[in-house]
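My entries follow in the order in which I made them.

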Amino acid sequence: MSKPADQPPPSDMEVDAAAEEKPLVRFSINVLELMREAQMQHGLRHGDYTRYRCALPDFLPDLSTICPLRPPVMFMTCRRYCTARLRRLYKSLKFLHGRGKYTKRNITESTVTDVRFLHIVFYMAERAWSHAMEKKTAGPNAQQRIYMLGRFRKAVKWATLFSHLCSLKGDSRTSLEAEAYASYMKGTLLFEQEKNIEAAMTNFKNTRAVYEELGKYGSIENQLLCRQRIEEVEPMIGFCSRKLGGSALQAHELLDLEKEGPAYDLFKAKIEAVLSETRSQQAASMTEFSWLGRRFPITNAKTRVSILKESVPADKKLGIFDKIFSAYHDARSCIRNDLASAGNAENIRDELNGLDKAVSAVLGFRTIERNQLLVSIAKSKFTKHRDEKNEKITKPEELVRLYDLLIQNTTDLTDLISSGRDKNKEENTFIQEYELKSLAFRAERCFYLAKSYSSAGKRAEAYALFCHARSITDSALQQLTNSPDKVLLNPTFFLLITCHVI
């Protein structure tokens, strides 16, 4: 029986056909979620770029077994989060760079046989970006700025490679997200270089367009992440658009850009520079300060700029009030210096004293606004019960202390306004309004003091205080009704207090 003839080896065309029949593996990465999780868990929630680069990894091996001659602390101090993450990826993929002498190994299309290779390129971009942002937030000098721009260029290089590899090895969504990530990095570099603002705006618009599309699909969490990213990019587009158009940004528009997060740290310094320039221009045309129908001339340029810092609207944020207080304290300091150098010039001293009184009155007015905001925040937590978040609730005693502050604030403000010899109609109306507000604050204080006694089981004392609060409210309402002038205080305010007491 003859043996069958040996089969001829497959030709090259057959080998290529068999390779083509093998399905191409497409990797999937939720780039935005990966970035947010890494950043928020390692320092960027509080704007700490150093921690993002220097945080310890989730898993730290026994370093004494790696190098017993060096204490582990030396490794901990030099270990950065992104670098530690990269090291774990290198070791898990056995993609090392030699021992002793460094051997460069590039990541190309043929190298990417595992999704972790894409993670390597991503964390290389994140490490370079976070290093640049760390230098930027520290206020770099000329030499450090050159180094910072170099790190931004490195981030763009790795982000571009990440986008290219994802387009070849990733699915359609991964490719699109990587493209948006690379566009954001390019826009950041161009924005910081200030050479091609139009190209920076184009890249930011591309990023926004991608996340607007991705935000229409997927889970609620994904849509929320996309919405947050769009809100971060929008101010940059607006800033670039204004810069290209040549129109000056108004103070309240710049204030709207001042938020929190990594994206906003890019142009904080630019916003401050533009705000300072705008205030200087406005200060050149500002000659007087108006308050309660009186006008006070301002000759000191520093005083004008300090007062103009308050011209942005206080949109019920505590941080805004801190800036306002700082600005008015600076203005008062400038006025006091002018008073010290005024000598015996009575006219100048009278004008400066009047200006100092007006600025002090506005400072007291803003202090009352701030404390009323604190009261509203405390009241919102007063009726709450401890929920799953274990949020701290407000005790009646805390509200009593806040109302003590408000009563003292209104007393000081009315005393300051009343200290003038001849008061005009606006000042009299203002004094009457804040005397009624003081009664309202006293009624509210009495009401929450009664609540405190009631929670302590002292029912008789609580009842007496409730009755006293009702008496103060009725007295304030009677004064408001009999007032010959139109007071700006809303009568509904007192009616709400009456409902509290009832």
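Entry 1. I looked up α10 against α11 and found them packed at an angle of about 155 degrees, with their axes 9 Å apart. Axes here are lines fitted to C-alpha atoms, for helices over the stretch in contact, and angles run from 0 to 180 degrees between N-to-C directions. Helices (H or I, at least four residues) and strands (E, at least two) are DSSP runs, numbered from the N terminus. The two helices α10 and α11 are therefore roughly antiparallel to each other; angles under 35 degrees count as roughly parallel, over 145 as roughly antiparallel, 65 to 115 as roughly perpendicular and the rest as oblique. I noted a left-handed crossing where α10 passes α11 (left-handed if the near helix is turned anticlockwise from the far one by less than a right angle, right-handed if clockwise).

The model is predicted, so I kept in mind that local features need pLDDT of at least 70 and side-chain atom pairs count only at pLDDT 80 or more, while totals for chains, interfaces and linings use all residues. Residues are numbered from 1 along each chain as its sequence is written, and side-chain values use heavy atoms, with hydrogens and water left out.

Entry 2. I listed the residues where α10 meets α11. On α10 they include Ile197, Glu198, Met201 and Phe204, and on α11 they include Ile237, Cys240, Ser241 and Leu244. Contact means heavy atoms within 4.5 Å. By class, I have 12 nonpolar, 3 polar and 7 charged residues for the contact of α10 with α11. Ala, Val, Leu, Ile, Met, Phe, Trp, Tyr, Cys and Pro count as nonpolar, Asp, Glu, Lys and Arg as charged, and the others, Gly among them, as polar.

Entry 3. I then took single residues from this pair. Ser241 lies in helix α11 (residues 220–245) and is partly exposed, with a relative accessible area of 40%. Buried means under 20% relative accessible area, exposed over 50%, and partly exposed in between (1.4 Å probe, protein chains only). Glu198 is in helix α10 and counts as exposed at 52% relative accessibility. For Ser241 and Ile197, 44 residues apart along the chain, I read a C-alpha separation of 8.5 Å.

Entry 4. Next I looked up α9 (residues 172–193) and α10 (residues 197–214), which pack at an angle of about 150 degrees with their axes 8 Å apart. That makes α9 roughly antiparallel to α10. The crossing of α9 past α10 is left-handed. Among the residues in contact are Leu176, Ala180, Tyr184 and Phe191 of α9 and Ala200, Phe204, Thr207 and Tyr211 of α10. The class count for α9 with α10 is 11 nonpolar, 6 polar and 3 charged residues.

Entry 5. I moved on to Leu465, which sits in helix α19 (residues 459–481). Is Leu465 buried or exposed? Leu465 is buried, at a relative accessible area of 17%. Leaving aside neighbours within four places in sequence, Leu465 is in contact with Cys446, Leu449, Ala450 and Tyr453. Tyr448 is 17 residues from Leu465 along the chain, and their C-alpha atoms are separated by 9.0 Å.

Entry 6. Last, I noted the chain totals. The protein chain has 20 helices and 2 strands, and 43% of its 502 residues are buried. Of contacts between residues at least 6 apart in sequence, 67% join residues at least 24 apart.
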